Amino acid sequence: MEVLDTTIANVALPYIAGGMGVSQDDASWVVTTYLVSNAIILTASSFLARRLGRKTFFLICLALFTISSVLCGFAPNLEALLLLRVLQGLGGGGMVPVAQSILADSFPPEKRGQGFALFGVAVVVAPVVGPTLGGWLSDNISWHWCFLINGPVGALTFVLIGSLLHDAPAEAEQRRHRRGEAFDWIGFALVATFLGALEVVLDRGLEDDWFASSFIVAAATVCALAFVLMIPWEMTRRNPAVDLRMVASRQFGACFLVMLATGAILMATTQFLPQLVQADFGYTATWAGLMLSPGGLVTMAMMFVVARLSTRVQPKFMIMAGALVIAASMHQMTNVYEGLDFWFLAHARMLTGVGLPLIFLSITAASYDGIPPARTDQASALINAARNTGGSIGISLASNILAHREQFHQSRLVEHVVPSGVAYQDTLQHLVGWFTAQGSPPGLAQQQAAAWIGRQVQAQVSLLAYMDVFWVLTLISLAAVPLALTLRKVRLGGAAPMGH
C-alpha cells in the first residue's frame, strides 16, 4: 500500500491538474512531495521505533498514512493536497524499515529469505501496479479514489497488526537500555531542510526562471547553507541522524550513488512514460498504466531468478549487468516516433523490468558488507532514502529537461516552417486539396491545412524532447557501471535486510 502510493497518482496527474485548475507541472508535486517526505522520515524511523516500540510506531505510522490518504481524496485544492501528501509520506516512510525489522525477528533464519523475497516482490512490483490501478480508477470512477482506496485497506491492516503482532520480549529490554539515548534533532532538521529546499529549487526553478527569481535564490541559499552545516555537524555526532562517514566509505557510498541513479530512472520513467503515451499517442489513463504492467510481471519473475544468482555471482557484476540492461531499455526509448504500437513501449519497459531486480537485490547484499550489526538500521534507512530522493530528483530533472528541450526544438523546427517557403506552400496546397475533397469550403480548408501543419510541428517537438530525456536517463544508467566496479567482493549467501 505504501510503495503503491509512490506511483498510483502518476497517470492521474492530468485529471488532478484539470480538476484543480493547475498545470500538469504543478500537479507533479503530488508525486515529488510524497517521495521527499518519505525519504526525510526514514532518517528518524530507527530511533522512533526503538523509543516507542516497533508495534506502537508501526501503528502510529499506519494510522497517519491511512487518515491522510482519505483526506487526500477530499482535498479542496492543490495546496491542501500537497500538505496531506507530505503527511502521507511521513507515515508511509516510517512503516517500511520497521516492517523489515519485524520480518527479521518473526522468522527463524532458515525461513527469513523466503519472507524477504515475498516482501521484495511487493516492494518492486507495487510501483508498476500503481499506474495501472490509478489509471483504471481515474478513467472509470474518479482520481480521488487513487487515495480513498487506502482507507478500507489501512483500517483492516490496523486491526490485523493490532491483534496479531506482538513485540519481541528482547525489544522491551533494549528499550530500557536505550531510554537515555538522545536523537540528533538538529541533524534531522538540517537534512529535512536540505532535501525540502532542494526539491523546491528543482521543481520551481524552470517555472520561476531559475536565479532570476529572488524566491529561487533564497531557496537555493537555504539548501546550500543546510548542506554546508550538515556535514561538520553529522560528522562529529556519536549517533547522527545521517551517518555521513558511512556514506563516504567506498563500498556503501558507491551503493548509495547507484541507488540514487536507479531511483531516478525508475520514478522518472514511471511518471513520464504514461505522460508520453497520454499526450502524444492518445492513450487513456488505464491503457497508460497497462503499458507498464508487463514490466511488473517480468520484475516479479526476475526477483526469484536474481535471488538464486545472488548465491553464485558477486553483486558488483549483477549491478553492472542490471545497469547495462536498463541503459539498453532507455536507449530503445530514444527511438520513439509517431505511430508506435503498444508492444514497442511495453517491450522497453519489460527490459527495464529485467534490470531493476539485478540492481535492487545486489545493492542489498553489497551495501551491508562491512557494516556492524548496530548500524544496519541506519544503513537500511539510508539506502531507502537514496531510492526515494533519487526518484524525486529524477522526476524534477526529467521535467526540466523536457521543458527546456521543447523550447529548443520548437525554435529550430519553426525555422523550417516558413509560409513563403516552397516546401511549406507545396504541403499547404496538397492539404487544402485534401480537406476540400472532404467537403470543406476553400476558406475553411486553408485554415484546417495550416492547423494540421502546426499540430505536426508540435508533435515532433514533443517526441524530440522526450528522446532527449531518455538519452539523459541512458547516461545516468551507464554511470552506475564504473561505480559498480569500485565495489569489493562480498561473502555470498549471507542474509541481509531487503531494500525498499
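Let me start with Phe194, which is buried, at 18% relative accessibility. The cut-off for that label is under 20%. This is a predicted model, as a reminder.

Now its partner. Phe227 has a relative accessibility of 37%, which makes this residue partly exposed.

On to the aromatic rings. Seven aromatic pairs are counted in this model. One of them is Trp185 with Phe188: the ring centres are 6.1 Å apart and the planes stand at 90 degrees, so we call the pair edge-to-face. Where do Trp185 and Phe188 lie? Both are in helix 10, which covers residues 185-204, and they are three residues apart, about one turn of the helix. Phe188 is buried as well, with its relative accessible area at 16%.

Back to Phe194 and Phe227. Their ring centres are 5.2 Å apart, and the planes are at 40 degrees, so this pair is tilted. That angle falls between the limits of 30 degrees for stacked and 60 for edge-to-face. Phe194 belongs to helix 10, while Phe227 belongs to helix 11, residues 214-235, so the contact ties together parts 33 residues apart in sequence.

Next, a cluster. Which residues are linked into it by ring pairs? They are Tyr283, Trp287, Phe342 and Trp343.

Last, charges over rings. Arg237 lies over the face of Trp233, and the distance to the ring centre is 3.9 Å. For Arg405, the charged end sits over the Phe408 ring, at 4.3 Å from the centre of that ring.

How values were computed. Residues numbered from 1 in each chain as written. Predicted model: local features only at pLDDT ≥ 70, side-chain atom pairs only at ≥ 80, totals over all residues. Heavy atoms only, no water. Phe/Tyr/Trp six-rings, centres within 6.5 Å; stacked < 30°, edge-to-face > 60°. Helix = DSSP H or I, 4+ residues; strand = E, 2+ residues; numbered from the N terminus. Buried < 20%, exposed > 50% of the residue type's maximum accessible area, 1.4 Å probe, protein only. Lys NZ or Arg CZ within 6 Å of the ring centre and 35° of its normal.
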